[in-house]
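This report describes selected features of a single protein model.

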Amino acid sequence: MNIGFFTDCYLPQIDGVVRSILLFRKSLESAGHQVFVFAPKEIKSEIKFLQKATTEEEKNVFRFSAINSFFIPGYPVAFPISLKTSYKIPKLNLDIIHSHSPIMIGMFGNLVALSENIPIISTYHTYYSEYAKHYWPIKKFKFATSKMVKNFEIFYYNRVDQVITPSEKLKKILQESGIENEITVLPTGIDLQEFKTGDGKRFRKKWGIGDDKKILLYVGRLNTEKNVDFLIEVANYLKNFPEIIFVFVGDGKSRARIEKKVGNLNLRDKVLFCEFLSRSETVDAFFACDVFVFSSKTDTQGLVLGEAVAAGKPVVMVKDEGLNEMVVDGKNGFEVEEKVPVFAEKVLKLLRQPDLYAEMAENSKEIATKFSCEKQTEKLEKLYKRVMTEYEATSWRRKMWKELNKEYKVRVWLKKIIE
């Protein structure tokens with residue numbers, strides 16, 4: 001198959017969405033398919049993302065001009081206007097389009113699907129309507145903005161041929177919001193090979209963390225919607241345990257405020273900020289930690305949870321119903337209420353009971369094998385083939401194009417405009 005990935009976020013930005021795209025692209029190409037990525041160009045930003053695209057990763061990648069987002073600094077707003085790229089698209093002979101966002105490049109993907117008369121599926125990675133509450137600068141209009149975003153989501157996702165969500169949580173949210181399209185739950189796979197080379201000692205040595213320290217690790221953006229302040233409160237609660245240290249791998253618009261809060265609470269010797277690290281260093285961080293901690297309630301998958309599990313680490317997280325299947329309460333971690341003492345006690349329970357810790361660590365490794373990249377990609381391939389077959393047989397867009405082309409040669413005109 002020739003597959004088009006259309007995304008408004010790609011390297012050097014690195015988050016759960018980009019990780020998902022990279023992992024599925026790699027696995028699909030290993031299975032013999034061609035994947036063409038349509039993404040924004042790199043933007044100038046104060047936030048330093050270290051995972052630059054390699055020459056091999058840039059192969060079959062088409063970039064569009066972009067500017068730094070006003071609402072989410074470090075993330076691009078793309079302008080998918082390129083005569084050179086538009087001319088090449090019909091020559092790629094795409095079989096299916098996979099959109100990874102409903103924004104600028106995602107909408108461009110819809111236009112390409114229309115002009116090429118091929119099916120389009122879209123993964124709902126990000127809880128956009130909820131994020132709008134955190135990023136819209138005028139408080140008075142935050143909820144109105146959230147409602148407008150939700151209405152746009154309904155418009156967009158009801159007009160693709162198939163919707164994918166990475167978790168049951170998100171499927172339920174979309175169904176309740178008014179999206180009537182079929183929704184398939186497909187979590188991103190884990191690159192188990194990548195987690196055979198992690199070196200926790202190397203990470204500890206680089207950052208000067210002794211073997212006597214117990215590391216509680218968080219990996220992700222340092223933004224309001226990630227609820228990182230809760231983890232700082234947990235650090236404050238545990239400040240009388242000198243062996244415990246919190247390590248934050250990531251960056252974001254809230255970092256300066258969070259660091260100031262850490263200083264005001266006299267926690268500088270308890271909290272280490274590492275910014276975004278290279279991929280190999282991030283994997284080392286997973287292996288270096290003792291417990292992975294997670295407090296976000298707006299995540300749609302929490303891919304980092306799967307990565308912690310792949311490293312054989314127990315997880316303590318704020319309960320978020322249906323977020324993922326990689327953390328099973330009581331088996332390889334704990335899902336708890338958003339209460340600092342409760343969260344902290346579960347962390348201490350793991351650190352104080354070696355037998356329980358060892359059992360949960362082993363369970364994490366076992367659970368990770370069920371979500372390998374290869375297994376998840378096989379499911380995605382089957383979905384592509386089914387959608388393509390159904391599109392041939394029943395798609396209203398396909399039938400419409402046949403009639404319009406027969407009478408007016410509309411497709412020929414549209415393709416001439418694109419070319």
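F371 is buried, with a relative accessible area of 9%. The coordinates belong to a predicted model. F371 sits in the loop that runs between helix 14 (354-369) and helix 15. Its C-alpha atom lies 7.7 Å from that of T188, although F371 and T188 are 183 residues apart in sequence.

**Enclosed helices**

Helix 1 (residues 16-30) has 15 residues, which at 1.5 Å a residue should span 21 Å; the C-alpha atoms at its ends are 21 Å apart, in agreement with that expectation. Eleven of the 15 residues of helix 1 are buried, so the helix is largely enclosed by the rest of the structure. The cut-off behind this reasoning is a relative accessible area under 20%. The buried residues are V17, V18, R19, S20, I21, L22, L23, F24, R25, S27 and L28.

Helix 9 (residues 228-237) is likewise mostly covered, with eight of its ten residues buried. In helix 9 the buried residues are V228, D229, F230, L231, I232, V234, A235 and N236.

**Salt bridges**

Side chains of opposite charge can pair when their charged atoms come close. The structure holds 23 salt bridges. The table lists three of them by the separation of nitrogen and oxygen.

| Salt bridge | N to O distance |
|---|---|
| R221 and E225 | 3.0 Å |
| R255 and E259 | 3.2 Å |
| R386 and E390 | 3.1 Å |

R255 counts as buried because its relative accessibility is 14%, whereas E259, at 26% relative accessibility, counts as partly exposed. R255 and E259 are four residues apart in helix 10 (residues 255-264), so about one helical turn separates them.

R386 and E390 both belong to helix 15, where they are also four residues apart, about one turn of the helix. R386 is partly exposed, with a relative accessible area of 29%, and E390 is partly exposed as well, at 36% relative accessibility. Elsewhere, salt bridges that share partners join R19, E194, R279 and E307 into one network. Of these four residues, R19 is among the buried residues of helix 1.

**Backbone geometry**

Most residues other than glycine have a negative phi, and most peptide bonds are trans. Where does the model depart from this pattern? L11 and P12 are joined by a cis peptide bond, with omega at about 10 degrees. P12 is placed in the loop between strand 1 (2-6) and helix 1.

N93, which is not a glycine, has a positive phi of about 55 degrees. This asparagine lies in the loop between helix 3 (83-88) and strand 6 (96-99), and N93 is exposed, with a relative accessible area of 52%. N266 also has a positive phi, near 55 degrees, in a residue other than glycine.

**Surface patches**

Which residues make up the nonpolar patch on the surface? I67, V77, F79, I81, I103, M104, M107, F152 and F155 form it, and together they have about 790 Å² of accessible area. Helix 4 (104-116) and helix 6 (142-157) each supply at least two residues of the nonpolar patch. F79, one of the patch residues, is found in the loop between strand 5 (76-78) and helix 3. With a relative accessible area of 36%, F79 is partly exposed.

A patch of positive charge is also present on the surface, where K331, K370, K375 and K379 gather. K375 is located in helix 15 (residues 373-394). Because its relative accessibility is 43%, K375 counts as partly exposed.

Conventions:
Residues are numbered from 1 along each chain as its sequence is written. This is a predicted model: local features need pLDDT of at least 70, side-chain atom pairs count only at pLDDT 80 or more; totals for chains, interfaces and linings use all residues. Side-chain values use heavy atoms; hydrogens and water are left out. Patches are made of residues with over 30% relative accessible area and no salt bridge: like charges are joined within 9 Å, nonpolar side chains (Val, Leu, Ile, Met, Phe, Trp, Tyr) within 5 Å. Accessible areas come from the Shrake-Rupley method with a 1.4 Å probe; for residues, only the protein chains shown count as cover. A salt bridge is a side-chain nitrogen of Lys or Arg within 4 Å of a carboxyl oxygen of Asp or Glu. Lys and Arg count as positive and Asp and Glu as negative; His and the chain ends are not counted. The place of a charge is taken as NZ of Lys, CZ of Arg, CG of Asp or CD of Glu. Buried means under 20% relative accessible area, exposed over 50%, partly exposed in between (1.4 Å probe, protein chains only). The expected span of a helix is 1.5 Å times one less than its number of residues.
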